[in-house]
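Hi everyone, thanks for making time this morning. I'd like to walk you through a structure, so please have a look at it before I start talking.

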Amino acid sequence: HLQAGMARPKVVVTRNLGAEAMRLLDRPDLDVVAWQSETQPCDKKWLLDNIPGATGILLLFSEKVRREITEDATDLLKVVSTMSVGYEHVDIGSLAQRGIRLGYTPDVLTEAVADITVMLALMAGRNVKETTSIVQNGQWSAYPWAPYLFAGSQLSANWVHPTRTAGFIGFGRIAQSTLARLLPFGFTRALYTSNPSSKPNPARDAELLAKYAPQGLAEIRRVGLAELTSESDVVFVLAPGGPSTYHVVNEEILKSMKRTAVLVNTSRGSLVDSEALAKACREGWIWGAGVDVVDGEPNVAADHPLVQEPRCIVLPHIGSATNETRLGMATMAINNVIAGVLGGSMPAELNR
Ligand code: DGY
């Protein structure tokens, strides 16, 4: 790839992605500048000192370096690769304007995130936060078995609710894998909205019904947000982050949900008004909630309203955190940046 005398293209990697994946960057035809820590974000000065002259930049969704990437980068920059499926932390408009390619890591994390999405729906419905803390605090003896003690809201279909309805705010890969997991639980209806004012899309509905009917789905419709939240037994927040979806789940939406319903957010914290969600759980507008992402993370203190709320499970953004999935994401992100720098096709490129 390199003619004699040509400088090796510089690749800036903003985090140590582990020895196994980083070995992929040990190549004679690249000049790699990598932040050494796996656990601590690179400091902004290090980044701004190294962006100029870079042909490729590999970063994480937690690096909020939108503007600096394009303003401080020289014309040598050909590719940005993010180790994430979400890309609201990258200013894709300015990258596109400058013909800079963007790699990301879809598909490899879909199953891991769908697993934890269903797990949170189960945990929220069955009061796991309240009951595990009773056990952890040695208070079980104060709660002898009783007919309705700790009784929760059942996820699976049952004699009272023979069919269940799943509502999806955002209906991409992760939402569809989540739906596939719910069908054996007796979910025969699905409602989805690609944005708060989605119009019906009978053609797409028919396509999706054909895909999932063999696994038990009887109805699927694209609807507006108000219909979705009033009809669903579980509302899954699975749309991309960014200004257009900010606080799409607010008090009004939460008030319109069933009192027995749960809300699950495994997308981005910015989609949910945390104060409103805590109030909804506290006031009983909904049964409970499970979130893997919180607006302002990781600065979520013990006194955060959701952390304090017994009916809301809060996880620290571990949706894709399995050994297999994170190695897969790191490998994909590295192969994306190598292909972008050397001019090949990328394993996963965001085609704008
Ligand atoms: C993603 O891929 O966007 C996740 O949120 C980070 O693991």
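So, how many salt bridges does a search of the whole structure find? The search turns up 17 salt bridges. Please keep in mind that this is a predicted model, so every value I quote today is computed from that model.

Let me pick out a few of those pairs.

My opening example is a local one. Lys-45 and Asp-49 form a salt bridge, with N and O 2.4 Å apart. Both residues sit in helix H2, which covers residues 44-50. They are 4 residues apart, about one turn of the helix. How open is this pair to the outside? Lys-45 counts as exposed, at 58% relative accessibility, while Asp-49 is partly exposed at 48%.

Next, a pair that reaches across the sequence. Arg-173 forms a salt bridge with Asp-107, and here the closest N and O atoms are 3.8 Å apart. This one links distant parts of the chain: Arg-173 is in helix H7, residues 173-182, and Asp-107 is in the loop between strand S5 (101-103) and helix H5 (110-125). The two residues are 66 residues apart. For those of you thinking about solvent, Arg-173 is partly exposed, with a relative accessible area of 40%.

While we are at Asp-107, its backbone deserves a glance too. Asp-107 has a positive phi of about 70 degrees, although it is not a glycine.

Helix H7 comes up again in another pair. Glu-111 and Arg-181 form a salt bridge, their closest N and O atoms lying 2.8 Å apart. Glu-111 lies in helix H5 and Arg-181 in helix H7, so this pair ties together parts that are 70 residues apart in sequence. Glu-111 is partly exposed at 39% relative accessibility, and Arg-181 is partly exposed as well, at 23%.

Now let's move to the ligand. Which residues are around it? The list is Phe-61, Ser-84, Val-85, Gly-86, Leu-109, Arg-268, His-317, Ser-320, Arg-326 and Met-329. By class, that shell has 4 nonpolar, 4 polar and 2 charged residues.

For anyone who wants to set up a pose check, here are the polar distances. Arg-268 places a polar side-chain atom 2.8 Å from an oxygen atom of the ligand. In His-317, an N or O atom of the side chain is 2.7 Å from a ligand oxygen. Ser-320 also has a polar side-chain atom 2.7 Å from an oxygen atom of the ligand. As for burial, the ligand taken alone exposes 230 Å², and the protein buries 91% of that.

On to the cysteines. How many disulfides does a search of the whole structure find? The count is 0. A disulfide is a covalent bond between the sulfur atoms of two cysteines. Take Cys-312: the closest cysteine sulfur belongs to Cys-281 and is 5.2 Å away, so it is too far for a bond. Cys-312 is buried, with a relative accessible area of 0%. Cys-42 is buried too, at 11%.

Where is the peptide bond from Glu-297 to Pro-298, and is it cis or trans? The bond is cis, with omega near 0 degrees, and Pro-298 is found in the loop between strand S11 (288-291) and helix H12 (305-308). Another positive phi belongs to His-247, about 50 degrees, and His-247 is not a glycine either. You will find His-247 in the loop between strand S9 (234-237) and helix H10 (251-255).

Last stop, Pro-147. This residue is in the loop between helix H6 (128-136) and strand S6 (164-169), and counts as exposed at 63% relative accessibility. The C-alpha atoms of Pro-147 and Asp-273 are separated by 35 Å, and the two residues are 126 residues apart along the chain.

That's my tour, and I'm happy to go back to any part of it.

Conventions. Residues are numbered from 1 along each chain as its sequence is written. This is a predicted model: local features need pLDDT of at least 70, side-chain atom pairs count only at pLDDT 80 or more; totals for chains, interfaces and linings use all residues. Side-chain values use heavy atoms; hydrogens and water are left out. A residue is near a molecule or strand if one of its heavy atoms lies within 4 Å of it. A polar contact is a pair of N or O atoms within 3.5 Å; within protein, one must be able to donate a hydrogen and the other to accept it, and residues adjacent in sequence count only if both atoms are side-chain atoms. Accessible areas come from the Shrake-Rupley method with a 1.4 Å probe; for residues, only the protein chains shown count as cover. Ala, Val, Leu, Ile, Met, Phe, Trp, Tyr, Cys and Pro count as nonpolar, Asp, Glu, Lys and Arg as charged, and the others, Gly among them, as polar. A disulfide is a pair of cysteine sulfur atoms within 2.5 Å. Buried means under 20% relative accessible area, exposed over 50%, partly exposed in between (1.4 Å probe, protein chains only). A salt bridge is a side-chain nitrogen of Lys or Arg within 4 Å of a carboxyl oxygen of Asp or Glu.
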